[in-house]
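This report concerns the contacts between protein and DNA in one model, together with a detail of the backbone.

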Protein chains: 2
Amino acid sequence: MFRITRLTDYGVMLMTEFASEPERLRNAAGLAEAAHLSVPTVSKVLKLLLKEGLLESIRGAGGGYRLARKPEDVSVQDIIVALEGPIALTECNLISSDCEQKPHCSVSGNWRRINHAVRRALADITLVDMVQPHFEPVIQLQKQQSNTIPISSETGERWLPTNM
Amino acid sequence: MFRITRLTDYGVMLMTEFASEPERLRNAAGLAEAAHLSVPTVSKVLKLLLKEGLLESIRGAGGGYRLARKPEDVSVQDIIVALEGPIALTECNLISSDCEQKPHCSVSGNWRRINHAVRRALADITLVDMVQPHFEPVIQLQKQQSNTIPISSETGERWLPTNM
DNA sequence: TAAAGTGGCACCAATATAGTACTCTTTATA
DNA sequence: TATAAAGAGTACTATATTGGTGCCACTTTA
């Protein structure tokens, strides 16, 4: 259905939670309560985010997790990639792919472009944006030469937090 | 893994094939051969595309399928929606959703924006674009502060023409 | 040394997906 | 008019993925 998994959704929620107070150390139990999720589930997501370097942890009593980078340096794309692997709408666009269609597939090149467009849409949104209640897309796209296709026919957009 | 299903991938391939010769009537067997897929599988996808109004069919001997609309009026998004339902990265953004997180979810509003950006990226690519060997979306995203970033900078992917 | 934490697996149930099979209807044409 | 070609609709099954949990080891602090 063209969607991220629920675990990834949780990941974005949790990372947003961290970003709201970047210095604060939080443990799985506290986050679970805040997010209305079970501790094991939250714990699982945190471990994954840790392994991918988005969080750092402090073990032992009084320990917990916090962001490994500044909120402005973490995009929604980073989180998705950490939890689901590289964003590739079609299998053929994965590095490891040996899609048997490739030799006679006329569209694989175009899929790469499409992936790019989607990745960019996600890479431009950082945790700083997510912390805002709602941010407004404000973007400008420029049409170019004849053999080029504008990816957006309307007035394009760019993510811009409302109160920035 | 953030990807479309294989059936949807087939759907895009098939629709692109139709778009390469919009007038021509094609049957499932011929398309299957050209796409190196089994007839039942191709047939299944065609039926779905038909039901969603992207193809029209002519029954009986000598029958087949062809595009219901002009290639320029069919976007990649249309095909994805036809085969996978509405594009909603998170459950909470589906009309029918009654996500129990919603009342205390701080990011659902932002997800709506993110969905919007992704949908736009996909809605702006039509079958006309897909028929091109590979098209260059030369969009310039304007960062608030300054510099422009072309969406596609790398080069060198090959396109293998199909002779179907 | 007990308690509070994370770290790393491994497991199982539920769901989604891919592919196929079967039967029915429609239409061209010999 | 009989037959074959082609789509229409539905249902089924094996497989893969996902979501959620449980368990135990390790680390740190009080």
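This is a predicted model: local features need pLDDT of at least 70, side-chain atom pairs count only at pLDDT 80 or more; totals for chains, interfaces and linings use all residues.

Residues are numbered from 1 along each chain as its sequence is written, chains are lettered from A and ligands numbered from 1 in the order in which they are written, and side-chain values use heavy atoms, with hydrogens and water left out.

**DNA strand C**

DNA strand C is surrounded by 24 residues, the closest being A:Lys47, A:Ser57, B:Arg6, B:Ser38 and B:Lys44. A residue is near a strand if one of its heavy atoms lies within 4 Å of it. Sugar or phosphate accounts for 69% of the atoms of DNA strand C within 4 Å of the protein, and bases for the rest.

| Residue and group | DNA atom | Distance |
|---|---|---|
| A:Ser57, polar side-chain atom | phosphate oxygen, DNA strand C | 2.6 Å |
| B:Lys44, side-chain N or O atom | base nitrogen, DNA strand C | 2.6 Å |
| B:Arg59, side-chain N or O atom | base oxygen, DNA strand C | 2.9 Å |
| A:Ser38, polar side-chain atom | phosphate oxygen, DNA strand D | 2.6 Å |
| A:Gly60, polar backbone atom | base oxygen, DNA strand D | 3.5 Å |
| B:Ser57, side-chain N or O atom | phosphate oxygen, DNA strand D | 2.6 Å |

**DNA strand D**

Around DNA strand D there are 26 residues, of which A:Arg6, A:Ser38, A:Lys44, B:Ser57 and B:Tyr65 are the closest. At least two residues of the surface near DNA strand D come from each of helix 1 (6-20) and helix 3 of chain A, and helix 3, strand 1 (55-58) and strand 2 (64-67) of chain B. Helices (H or I, at least four residues) and strands (E, at least two) are DSSP runs, numbered from the N terminus.

**His36 in each chain**

A:His36 lies in the loop between helix 2 (28-35) and helix 3 of chain A, and its phi is near 60°, a positive value in a residue other than glycine. B:His36 is found in the loop between helix 2 (28-35) and helix 3 of chain B, with phi likewise near 60°. A:His36 counts as partly exposed because its relative accessibility is 45%; B:His36 counts as partly exposed at 46%. Buried means under 20% relative accessible area, exposed over 50%, and partly exposed in between (1.4 Å probe, protein chains only).

Note on methods. A polar contact is a pair of N or O atoms within 3.5 Å; within protein, one must be able to donate a hydrogen and the other to accept it, and residues adjacent in sequence count only if both atoms are side-chain atoms.
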